[in-house]
Amino acid sequence: MTKQLTDRRAATAVTVTPGRRRGRWSARTRRDFIVFLALALPNLALIAVFTYLPLINNIYYSTLDWTLGSASATVVGFDNYINFFTSADAPNVLGTTATFTIVTVGGSMVLGLLVALALNSKVRGTTFARSAVFAPYVLSGVGVGLVWLFIFDPGYGVLSWLLRGLGQQSPQWINDPQLSLVMVIIVYIWKNLGYCAVVYLSGLQSLPKDVMEAASLDGANGFRRFVSMSVPLLSPTTFFLLITTMLSSLQAFDLIRIMTPLGNGTSTLIYEAYLQAFGAYNRAGYSASISVVLFAILLVITVLQVRFVERKVHYS
Amino acid sequence: MSTLSPVSPAPATGTDLPPERSRPFSRANLAQTVVGGYVPLILATLVVVLPLLWMLLSSFKQPGEIVTTDLKVLPQGLNLDNYRVAMTTVPFGRFFINSLIVTTVGSTVKVILAVLTAYALVFVRFPFKNVIFIVILVALMVPPQVSILPNYILIAGIGGKNTLWGIILPGLGTAFGTFLLRQHFMTLPASILEAAEIDGAGHWRRLWQVVAPVSLPSIATVALVTVVSEWNDYIWPLIITDRPETMTLPVGLTLLQNSEGNGAGWGILMAGAMLVIVPILLVFAALQRYIVAGLTQGSVTG
C-alpha cells in the first residue's frame, strides 16, 4: 500500500509540473477548480450547515433563557450552566453518566476480549459465532430494548420465571432507579460487546506469530503467554476501543429512551439534554447548555485520541 | 499448543503414564478442545441468539400464553394474530414504507456525495485540499447527538417537521463515507488513471468508468454501513415527527409500545420488534463481511 502511495504521488508530481509552468491561473487550473467545487461543494455545504453550524448555535442557545417554541428569549449569559451545576439533579446526572460510561466501557471491553479469545481458538464454527456475536451491534436499539424489556419484565419475563425457579422474587427492574440503571447497562453491554470482540480478534490475529511461538517454546503456558505477551501487545487495540466505546457510551440514547422513558435513575447527560428540551419542560436554553457540557467532554476524549495516534506514528 | 512444551496441557491424566506426545484424538486433547474451544464459543453464541429467538417465539404467542405463571417455551402454533394486531393498532405498513424511503433516498444520496467528494479530494487539483480534508476529519468526530436541538430548530423553522425530507436532509452530508473512500482511492495505482487520461477521458468518465468500478467493495461497505444506520436511526426521526403518517419504524415502535405497554401486549410488541429487526438481520447475514469491515474501520489502521 505504501509503495502504491508513493507511486501515485510521484505520478501526480510529474503530471502537475507542466501545468505549473503555464502560470498559476491557467485555463486548466481554473477548470480543475470548478470541477473540484462541483464535486465536493454539495457535501461540504451539508456538513457546514448540519454539523458545524449547530455547534455554534448550541453555544448561542445555551446563553438564552428560552422556551422551545416561544418567540421571545432573554440573554442570561452563563446562568444556564450555573443553574445546571447547582441544581439538585446535577450530581445524579453526572454520577449516572460516569457510572454508565465506566461500567459499559469496562464491561464490553473485558467481555469482548474474552469472547475474542474464544473466537480465536482453532475449532470449527468460529466464523458463524463471530457473525452471531457481532449481530446485536447492527440491530435497532429500539427493537433490542423492547426484547430485553420483556425478558426483564417482573411479572411475565423469562428472567422472573428463572428466578422463581430458584425460589427468588424478581427485582423491580423498572420501578427501582438503581436497578433500572443496572438493567440498561446489561443490555448496552450485550449490544456492544460483539464490536469489541471483533476488534480484539483482529488484534489477536495480527500478533507476531514467531514471538508467541518462541514464548511457548520457552515454556510459557497459555495463561502466561496471554498475560505477559498478548495483553501488552494488544495495548494499541485496547486504547482504540477505550476511546471509541467511551464516545459511543456517552451518546447512548435508544436503549435508555425505550427501556426507561422517564429517565428515572438512567438520565445521563445526553438523555437529560433530550428530556429538558423535548420532555415536559421545553427548556431549550438549559438543554443546550447540557449539550455543550457533553460536547466539551467528548472533545477532550477526541483530542486525547488524536494526540495518542500522532505519538504512535512518530514511534513507528 | 506445542508438543515440545514441558508443561503438560492436562496434568490430571495420571503419573504412571510416560510423558507422551499429545495425539490429535487423545482424550486429553479432545477434552481440551471441547472445554477451551467449543464451550466458550457456544456460550457466547447462545447469549446472543437466545434473546432474539425468544423474540421470534413470543411474537407467535397469544396473551394467554404470555400472561401465565408457568413458562411455555414454544408457541401453540404459528399464529400471526400479533402481527395483524400490531399492523392495525398503528399504521405499521406506513412506517415500513417511510423507513424504506428514508433509508433508500438517504443512503443513495450519501453514497453518491461520498464518491464525488472523495474523488475530488484525491484526483482533482485544488489548492486547499488538506484544509478541506481536516474539515471533514473534524466533522467525523462531532457527535450527532449534540446537534439535535439546533437542527430541530432549523428544520422546523423551514417547515420540515413531520415531513420525510425533514427526516432525511440533516443527515445527508457524509464525513464517514468521504473519509473511508478517500483512504481507498489513495491506494489505487496511478497507472490506470493515466491510461484513461491519455485516452482523453474527462473527470466524469474517469470517475464512473475507472475509479468507481474498481472500488466497488469499498463503495459497498460505505453503502451498507449507511443503510444500517439510516434504518436504525432513532433520535432524529423521534424528534422531528409526532404524527404517524411520517414516522419511521423505530419511532412507530415507540408509538406501539405506548398503546400496548401492559403485560398482555408483549406478543404484539415482539411482533413489532421483529418487523424492525429482521430486515437488517437478513441484510447483515447476507453481506456481513462488508458491514463488519466498515464498522470496525480504523481499528487496524488507527
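Leaving aside neighbours within four places in sequence, which residues is Ala129(A) in contact with? I looked up the pairs and found Leu119(A), Leu41(B), Ala44(B) and Thr45(B). Contact here means that the C-beta atoms of two residues, placed from the backbone, lie within 7 Å.

**Ground rules**

I noted that this is a predicted model, in which local features need pLDDT of at least 70, side-chain atom pairs count only at pLDDT 80 or more, and totals for chains, interfaces and linings use all residues. Residues are numbered from 1 along each chain as its sequence is written, and chains are lettered from A and ligands numbered from 1 in the order in which they are written.

**Ala129(A)**

I placed Ala129(A) in helix α5 (residues 126-138) of chain A. Helices are DSSP runs of H or I with at least four residues, strands are runs of E with at least two, and both are numbered from the N terminus. Ala129(A) is buried, with 25 other C-beta atoms within 10 Å. The cut-offs: buried is 20 or more other C-beta atoms within 10 Å of the residue's own, exposed is 12 or fewer, and partly exposed is in between, with C-beta atoms placed from the backbone. I also checked Gln305(A): it is 176 residues from Ala129(A) in sequence and 31 Å away in space, C-alpha to C-alpha.

**Chain A overall**

I counted 14 helices and two strands in chain A. Of its 316 residues, 40% count as buried. Among contacts between residues at least 6 apart in sequence, 68% join residues at least 24 apart.

**Helix pair inside chain A**

I took α4 (residues 89-119) and α8 (residues 177-205) of chain A; their axes come within 6 Å and cross at roughly 40 degrees. That makes α4(A) oblique to α8(A). By class, their contact has 18 nonpolar, seven polar and no charged residues. Axes are lines fitted to C-alpha atoms, for helices over the stretch in contact, and angles run from 0 to 180 degrees between N-to-C directions. Angles under 35 degrees count as roughly parallel, over 145 as roughly antiparallel, 65 to 115 as roughly perpendicular and the rest as oblique. Ala, Val, Leu, Ile, Met, Phe, Trp, Tyr, Cys and Pro count as nonpolar, Asp, Glu, Lys and Arg as charged, and the others, Gly among them, as polar.

**Across the chains**

I then took α2 (residues 27-61) of chain A with α6 (residues 148-157) of chain B; the axes come within 8 Å and cross at roughly 100 degrees. The two helices are therefore roughly perpendicular. Phe50(A), Pro54(A), Asn57(A), Asn58(A) and Tyr61(A) meet Leu149(B), Pro150(B) and Asn151(B).

The contact between the chains takes 84 residues from chain A and 82 from chain B. On the chain B side, helix α1 (residues 27-58) gives the largest share, 14 residues. That side divides into 56 nonpolar, 24 polar and two charged residues. The predictor gives the complex an ipTM of 0.84 and a pTM of 0.86.

**Positive phi**

Most residues other than glycine have a negative phi. I logged two asparagines with positive values.

- Asn282(A) has phi near 55 degrees. It lies in the loop between α13 (269-278) and α14 (284-315) of chain A. With 15 C-beta neighbours inside 10 Å, Asn282(A) counts as partly exposed.
- Asn162(B) has phi of about 60 degrees. It is found in the loop between α6 and α7 (164-168) of chain B.
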